[in-house]
Amino acid sequence: MNNVLCLSVFLALVYFRELTWDFSAEVLVICIVCIAMGAFASFRTTFPLWTCFLAYFLYPFSLVLVYVLDYVLGWS
């Protein structure tokens with residue numbers, strides 16, 4: 001929730017001040033990670049130990065995904 005709130009405030013500042021935006025890949029990865037963890041957390045009330053490995057895996061996955069989007073696909 002904190003990531004989504006801060007991102008929306010930041011996007012509003014960029015929009016209202018008419019700044020240039022070159023971070024579409026990073027924002028997309030943030031949204032993917034937030035949706036993945038939010039969807040997983042919305043179906044459970046208690047979390048077994050293996051769920052922490054899923055959350056830890058999302059960090060290197062997000063770094064690789066940003067690299068692929070920026071440098072392999074050329075999307076910024």
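Helices α2 and α3 each supply at least two residues of a nonpolar patch. Helices here are DSSP runs of H or I, at least four residues long, numbered from the N terminus. The model is predicted: local features need pLDDT of at least 70, side-chain atom pairs count only at pLDDT 80 or more, and totals for chains, interfaces and linings use all residues. Residues are numbered from 1 along each chain as its sequence is written, and side-chain values use heavy atoms, without hydrogens and water.

The surface patch consists of L28, I32, F57, F61, Y67, Y71, V72, L73 and W75. Together they have about 960 Å² of accessible area (Shrake-Rupley method, 1.4 Å probe). Patch members have over 30% relative accessible area and no salt bridge, and nonpolar side chains are joined within 5 Å. The largest share, five residues, comes from α3. F57 lies in this helix.

Helix α3 covers residues 50–72. Its 23 residues should span 33 Å at 1.5 Å a residue, and its end C-alpha atoms are 32 Å apart, which agrees. The expected span is 1.5 Å times one less than the number of residues. T51, L58, S62, V66 and L69 of α3 are buried (under 20% relative accessible area, 1.4 Å probe, protein chains only). Their cover includes α2 (24–42), with contact meaning heavy atoms within 4.5 Å. G74 follows α3 and has a positive phi, near 70°.

UniProt, in an unreviewed entry, places "transmembrane region" at residues 26–43 and 50–69. Such annotations may be inferred rather than shown by experiment. Residues 26–43 are 94% helix; residues 50–69 are 100% helix.

How values were computed:
Buried means under 20% relative accessible area, exposed over 50%, partly exposed in between (1.4 Å probe, protein chains only). Patches are made of residues with over 30% relative accessible area and no salt bridge: like charges are joined within 9 Å, nonpolar side chains (Val, Leu, Ile, Met, Phe, Trp, Tyr) within 5 Å. A salt bridge is a side-chain nitrogen of Lys or Arg within 4 Å of a carboxyl oxygen of Asp or Glu.
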